[in-house]
Amino acid sequence: MTTTLDIRTPEGVVFALPLAGPATRAAAVGIDMVVVMIGAWLVSMLSLLLAVVSPEWAAALPALIFFVVQMFYGMALEWLWRGQTVGKRVMRLRVVDDRGLTLRPSQVVVRNVLRLVDSLPVFYLVGGVSMVFTRHCQRLGDLAAGTVVVRQVPVREPRLEGVLAGQYNSFREHPLIEARLRQRATPELAGLALGALLRRDELEPSARLRVFSRITDHFRSLAVFPSETTAGLTDEQYLRNVVETVFRKRSS
Amino acid sequence: MGGVVILDLDQFIRRERPFWEELERVLAQQAEGGRLPGVEAARRFFYLYERAAADLAKVQTFAAEPELRGYLEGLVGQAYARLHQRSGSGVRWRPLRWLTRVFPATFRRHLGAFWLALGLSMLGAGVGALVLAQDPENKWMLVPAQFGHLQQTPTERVREEEENAGLRVGEIGEAAPAFSTMLMTHNTKVALTALALGFLWGGFTCVLLFYNGVILGFVAYDYIADGQGQFLAAWLLPHGVPELTAIFIGGQAGLVLARAVIGHGTGLPLRQRLRLVRDDLATLAGGLGAMLAYAGLIEAFLSQYHGPHLYRLKIGFGLMELVLLIGFFAVMGRRKPEEPQP
């Protein structure tokens with residue numbers, strides 16, 4: 001089971017959609033079940049008004065309403081909300097075509113009809129087993145419909161100003177060593193350093209110290225700056241200088 | 001390690017940000033149902049997509065900054081889905097055309113699977129009748145709990161129903177609407193489950209069709225052997241014609257799905273085989289749903305009325321439905337010779 005669905009466009013660009021795991025999907029199903037029960041109960045209450053005309057039909061209708069709501073809830077919402085139900089919205093999930101294209105009505109119908117098999121024998125056991133053993137965490141309905149469920153990660157434009165701007169970089173006094181550092185730092189390594197700086201506030205203080213120490217040690221081995229330049233710099237400050245050096249080209 | 005170039009990320013973002021924001025705005029408008037106002041807008045959209053895709057490629061190659069990469073992947077992914085949405089997905093769905101043309105044409109395309117579903121059910125019906133003919137005591141063991149009223153002898157039930165003849169539907173008995181509802185939901189579940197079980201190579205679909213046939217044969221034999229064939233026909237035909245046909249169509253769809261899963265002799269991968277039958281499965285599922293909704297109405301407002309004076313009328317109505325249904329599936333949705341292929 002992989003964690004992303006990689007899609008290659010005809011232009012040759014690859015983008016990845018983060019796949020939802022069984023636990024989040026189970027939580028979304030749980031929420032949807034509660035919504036269906038509440039919705040069916042509310043409509044059933046309204047159907048009691050029918051008791052004035054026919055008490056027998058008023059008594060029989062709740063079962064029918066529950067069935068109809070249960071059958072069409074997923075289909076209707078996934079079509080109207082482009083791959084989302086209430087549960088999926090809460091859990092920030094979305095059903096998408098497995099080639100990254102727009103969902104078609106037939107896909108919505110097929111994946112929801114196949115719930116009848118996925119939910120067998122109890123608690124979506126068949127669907128759960130299928131999710132564990134398929135590459136893109138798909139239940140049988142997803143396989144038949146050609147869909148996957150992806151996580152909707154809130155997308156924020158990166159703000160580099162806070163990391164790079166307004167800081168004096170003592171490495172600038174050594175352009176040759178800076179050039180060597182740029183040459184030796186791979187994009188992956190540079191990205192790791194930048195990511196650590198952008199997310200530094202999300203780390204526990206002790207973990208933050210350890211992470212910066214390990215990354216900085218690695219950069220220290222790539223290019224050695226004179227000790228008077230690095231004296232007094234914490235690991236975090238050192239890494240900030242590295243990132244500034246690597247990502248920002250300057251006019252000579 | 002030498003020669004690796006790292007993007008000037010700050011400058012890159014500053015230069016490209018206006019284009020990304022413009023693409024975001026266009027996508028947001030489209031997500032709210034807006035359409036591109038003309039060819040120029042569509043060209044601009046395509047340009048923005050290509051530019052964002054190129055930026056993503058640069059970021060992936062020269063700067064593995066995960067946040068920027070994630071942002072561009074999201075942007076390119078949305079734009080890609082919009083640009084490459086398949087032909088027809090923007091066409092308005094016309095229910096009448098779908099019901100009168102697409103559904104019967106799809107049904108005919110998989111006629112072999114329908115005959116197989118019908119054959120399995122009839123085989124089950126034969127076995128059910130045979131089991132009851134062998135030993136009438138089997139009835140008490142084999143009738144499912146939800147068909148509790150079948151535990152009466154047919155003659156007892158007919159006498160009871162005829163005594164109540166002429167009453168309003170609300171007076172037929174408290175259980176009648178509940179029983180109709182139960183049958184309708186049960187049959188819908190059977191039909192859709194027969195479809196869904198097709199994914200498990202069709203074995204369970206065959207078992208379900210056979211078992212459903214056994215119950216049908218069982219009930220039919222019980223009534224006919226007890227001399228109540230006319231009551232049975234009047235009771236079952238009006239709603240049974242669309243209802244049973246819908247169950248057979250569910251089985252048909254299940255067998256179509258099973259054939260796609262097994263894929264013997266096609267040489268195509270599973271994903272492609274499933275893609276080829278997906279629209280047909282959805283059409284058959286929708287069609288059987290429409291038929292079951294119709295059957296439910298007939299069951300609620302016609303089938304629950306009994307009485308000797310209604311038997312001929314109800315049998316005539318059921319036979320008329322059968323003829324119309326056969327005509328519907330045989331004739332509707334056929335293309336005229338001059339009509340082009342869709």
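Which residues does Gly333(B) touch, not counting residues up to four places away in sequence?

## Contacts of Gly333(B)

Leaving aside residues up to four places away in sequence, Gly333(B) touches Thr100(B), Arg101(B), Val102(B), Pro104(B) and Ala105(B), a contact being a pair of residues whose C-beta atoms, placed from the backbone, lie within 7 Å. Gly333(B) and Thr100(B) are 233 residues apart in sequence, while their C-alpha atoms are 6.3 Å apart in space. Gly333(B) is found in the segment after helix H12 (308–331) of chain B, and it counts as buried because it has 20 C-beta neighbours inside 10 Å; a residue is buried if 20 or more other C-beta atoms lie within 10 Å of its own, exposed if 12 or fewer, and partly exposed in between.

## Basis and confidence

This is a predicted model, in which local features need pLDDT of at least 70 and side-chain atom pairs count only at pLDDT 80 or more, whereas totals for chains, interfaces and linings use all residues. Residues are numbered from 1 along each chain as its sequence is written, and chains are lettered from A and ligands numbered from 1 in the order in which they are written.

The pLDDT, the predictor's confidence in each residue on a scale from 0 to 100, averages 85 in chain A, where 92% of the residues score at least 70. Where pLDDT is low, the predicted coordinates should not be read in detail.

## Helices of chain B

Chain B has 12 helices and zero strands, these being DSSP runs numbered from the N terminus (H or I, at least four residues, for helices; E, at least two, for strands). Buried residues make up 38% of its 342 residues, and of the contacts in chain B with a separation of 6 or more, 82% join residues 24 or more positions apart.

Helix H10 (residues 229–262) of chain B packs against helix H11 (residues 270–303) of chain B at an angle of about 170°, with the two axes 8 Å apart. H10(B) is therefore roughly antiparallel to H11(B), a description used for angles over 145 degrees.

## Domains

An automatic or database domain assignment supplies the domain bounds. Chain A is divided into domain 1 (4–151) and domain 2 (161–247), with 47 Å between their centres, taken over C-alpha atoms. In chain B, domain 1 covers 9–83 and domain 2 covers 95–331, and their C-alpha centres lie 52 Å apart.

Methods
Axes are lines fitted to C-alpha atoms, for helices over the stretch in contact, and angles run from 0 to 180 degrees between N-to-C directions. Angles under 35 degrees count as roughly parallel, over 145 as roughly antiparallel, 65 to 115 as roughly perpendicular and the rest as oblique. Two residues are in contact if their C-beta atoms, placed from the backbone, lie within 7 Å.
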